[in-house]
Amino acid sequence: MLDVESQYSGTRIKGDVTLDFVKKMMDDFKNQKCLHKCYAFQIVLQTREMLKALPSLVDINVPDGKHFTVCGDVQ
């Protein structure tokens with residue numbers, strides 16, 4: 001984990017990324033404060049773990065006579 005300098009005045013993560021942290025981070029952005037790279041890295045790692053836990057395929061039932069269109073990257 002990267003060290004956060006004592007002069008850093010932005011929002012800090014204590015444990016996992018929470019809704020409260022995200023709201024404070026958004027307020028910081030509105031006030032022209034930057035997010036420390038340590039916390040940006042933590043957000044990426046937690047997001048990666050969340051996405052890895054999701055199924056790679058999703059079953060969708062489409063009624064007879066109807067169709068389902070997939071748009072975008074499906075790789």
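By the ring-pairing rule used here (Phe, Tyr and Trp rings, the last by its six-membered ring, with centres within 6.5 Å; planes under 30 degrees apart are stacked, over 60 edge-to-face, the rest tilted), the count comes to one aromatic pair. The partners are Y8 and Y39, tilted, at 5.8 Å centre to centre with 50° between the planes. Y8 sits in the segment before α1 (19-30) and Y39 in helix α2 (residues 37-53), so the pair ties together parts 31 residues apart in sequence.

A word on provenance: this is a predicted model, where local features need pLDDT of at least 70, side-chain atom pairs need pLDDT 80 or more, and totals for chains, interfaces and linings use all residues. Residues are numbered from 1 along each chain as its sequence is written, and side-chain values use heavy atoms, with hydrogens and water left out.

Now for burial, where buried means under 20% relative accessible area, exposed over 50% and partly exposed in between (1.4 Å probe, protein chains only).

| Residue | Relative accessible area | Class |
|---|---|---|
| Y8 | 14% | buried |
| Y39 | 6% | buried |
| H36 | 8% | buried |
| Q32 | 68% | exposed |

H36 belongs to the loop between α1 and α2. Skipping neighbours within four places in sequence, H36 is in contact (heavy atoms within 4.5 Å) with D3, V4, E5 and Y8.

Most residues other than glycine have a negative phi.

Zooming out, the chain has two helices and zero strands, taken as DSSP runs numbered from the N terminus (helices H or I, at least four residues; strands E, at least two). The radius of gyration, over C-alpha atoms, is compared with a globule rule of 2.2 Å times the number of residues to the power 0.38. A compact globule of 75 residues would come out near 11 Å, but this chain has 19 Å. The C-alpha trace spans about 60 × 25 × 20 Å along its principal axes. Buried residues make up 15% of the 75 residues. Of the contacts between residues at least 6 apart in sequence, 56% join residues at least 24 apart.

As for the surface, the accessible area is about 6800 Å², of which 56% belongs to carbon and sulfur atoms, by the Shrake-Rupley method with a 1.4 Å probe.
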